[in-house]
Amino acid sequence: MITLVKASHVIGYRDGDHVVHRDGCVAYSADRIVYVGPSYPGPYDEVIDAGQAVVGPGFIDLDALADIDHAILDTWQADSSGLNWSLDHARDRRAAVFPLEETLFMREYALTRLIRNGITTAMPIAAETHSAWAESYDELAGTASIAGRLGLRMYLGPSYRSGVPVVLPDGSRDVHWEPSLGEQGLADAVRFVKDFDGAFDGRIRGALLPCRIETLTLDLMRATAAAAGELGCLVRLHCLQGLTELRLLREWYGKRPLDVLADTGLLDRRLLIPHALYAAGHPEAPGSGPDDLDRLAGIAGIVHCPLTMVRYGAALHDFDRYREAGVTVALGTDSYPPDMIRNMDYGNNLAKLVTGRLDAGSAADYYRAATLGGARALGRDDLGRLTPGAKADLIAVALTGPVDDPIRTLLMNGSGADVTTVVIDGRTVMRDRTIPGVDEPALRSRAQTYFDHMKAAYSTRDHLTRPPTALFPPSFPDAC
């Protein structure tokens with residue numbers, strides 16, 4: 001069966017880069033693209049006419065939010081201590097806020113948001129704040145089943161850590177360590193990769209996804225590197241993302257983050273580093289090494305999340321410099337909603353701000369990062385492009401108003417709300433903004449109840465047991 005997708009602008013692929021076919025089309029059969037160009041020369045069975053739209057490869061999100069709270073509650077407060085665990089909670093009162101059933105509801109809601117925003121390949125990230133320690137095998141097994149049912153392509157594995165950031169009774173910060181929990185978490189993660197890698201016609205791939213570098217012991221990092229080598233899978237480890245991280249590693253080991261990664265065997269072609277902000281050339285990176293970017297060029301890639309990081313008051317210095325050094329730059333949304341189009345636009349604007357150049361961080365390069373960069377980081381030459389033989393992962397994004405260049409117009413005038421159609425592996429998972437089999441009004445209603453419960457639980461972990469009204473004061477008081 002041949003399906004034909006037509007649009008005013010089709011982003012094809014030729015000679016190693018994207019090209020634009022005006023009034024073009026894409027044809028696919030089963031899970032593979034068979035034609036991209038101006039007019040399909042053969043018969044077809046179905047046509048999807050996207051009209052005034054950009055039809056291009058699906059977005060690849062390698063820090064894809066799989067919950068609903070990140071960056072809503074914790075990016076506007078001068079004092080965020082109430083959002084971390086207190087020491088006594090970590091040591092004596094740990095308990096999951098939600099039962100497994102509710103956690104899996106949250107996962108389903110989050111995964112539908114990824115599809116709605118045109119993300120066809122995702123590597124998830126979720127806060128461990130509401131868990132008993134980190135993610136569980138059962139939680140990720142359930143997530144894999146949800147992704148399989150929805151048709152989403154995902155790189156999955158339960159998170160794990162040896163320690164958790166805590167607030168001490170005097171308000172200072174520390175890390176509470178329980179190394180045995182990290183060891184058990186890695187064992188569960190290895191079991192997950194063995195059980196689920198290749199599931200759902202290959203759309204589910206296993207990966208090792210430990211938490212932040214400052215929450216892992218050196219032994220756990222070494223064991224992760226060894227396990228990744230044995231399994232042949234990717235590792236994603238958040239690193240070079242904050243000044244507290246740099247300070248702690250310097251105090252504990254007398255080393256920079258990249259040196260710690262190298263010493264533990266993680267700094268290789270299997271490693272993805274989300275954020276990677278505080279490297280050589282960043283004005284606030286103390287003790288960074290002049291060869292930082294050369295070393296980052298030797299890993300699978302960094303995962304740049306401009307929208308989330310600017311909400312924390314940080315930015316990459318700078319996008320073009322990393323790319324020119326040979327670093328593979330992929331993108332992650334890492335926030336709710338997971339809007340890759342807004343993410344690219346923020347990145348484009350931040351690149352101008354940090355360099356003072358209007359031509360910095362071009363729309364074309366950010367679009368490449370959201371597609372080809374993610375594919376390169378995953379080692380996949382069948383993703384991130386529309387060309388015969390590639391996977392039939394494609395999206396249609398409506399264009400409203402006058403169109404200059406389709407990519408610049410997409411970034412500057414569009415958002416994830418403009419995504420109308422999503423195809424993954426040749427299966428239409430969203431058509432005319434509707435996800436088949438998903439009751440979105442019911443999901444939204446239940447998500448609000450979940451969110452309210454989640455907010456209330458912060459009080460039980462706060463070192464001062466402050467109520468939600470004190471932890472999350474409104475912008476304006478209620479009129480009643």
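**Salt bridges in a predicted model**

R93 and D88 form a salt bridge in which the closest N and O atoms lie 2.8 Å apart; the term denotes a side-chain nitrogen of Lys or Arg within 4 Å of a carboxyl oxygen of Asp or Glu. A search of the whole structure finds 35 salt bridges. The model is predicted, so local features need pLDDT of at least 70 and side-chain atom pairs count only at pLDDT 80 or more, whereas totals for chains, interfaces and linings use all residues. Residues are numbered from 1 along each chain as its sequence is written, and side-chain values use heavy atoms, with hydrogens and water left out.

**R93 and D88**
- R93 is partly exposed, at 37% relative accessibility; on this scale buried means under 20% relative accessible area, exposed means over 50%, and partly exposed lies in between (1.4 Å probe, protein chains only).
- D88 is also partly exposed, with a relative accessibility of 34%.

**D359 and R357**
- A salt bridge joins the side chains of D359 and R357, with an N to O distance of 3.0 Å.
- D359 counts as exposed at 57% relative accessibility, while R357 is partly exposed at a relative accessible area of 35%.

**The network containing D31 and R32**
- Salt bridges with shared partners connect D31, R32, R153, R203, K391, D393 and D425 into one network.
- Within this group, D31 pairs with R32, their closest N and O atoms being 3.9 Å apart.
- D31 has a relative accessible area of 23% and is partly exposed.
- R32 is likewise partly exposed, its relative accessible area being 32%.
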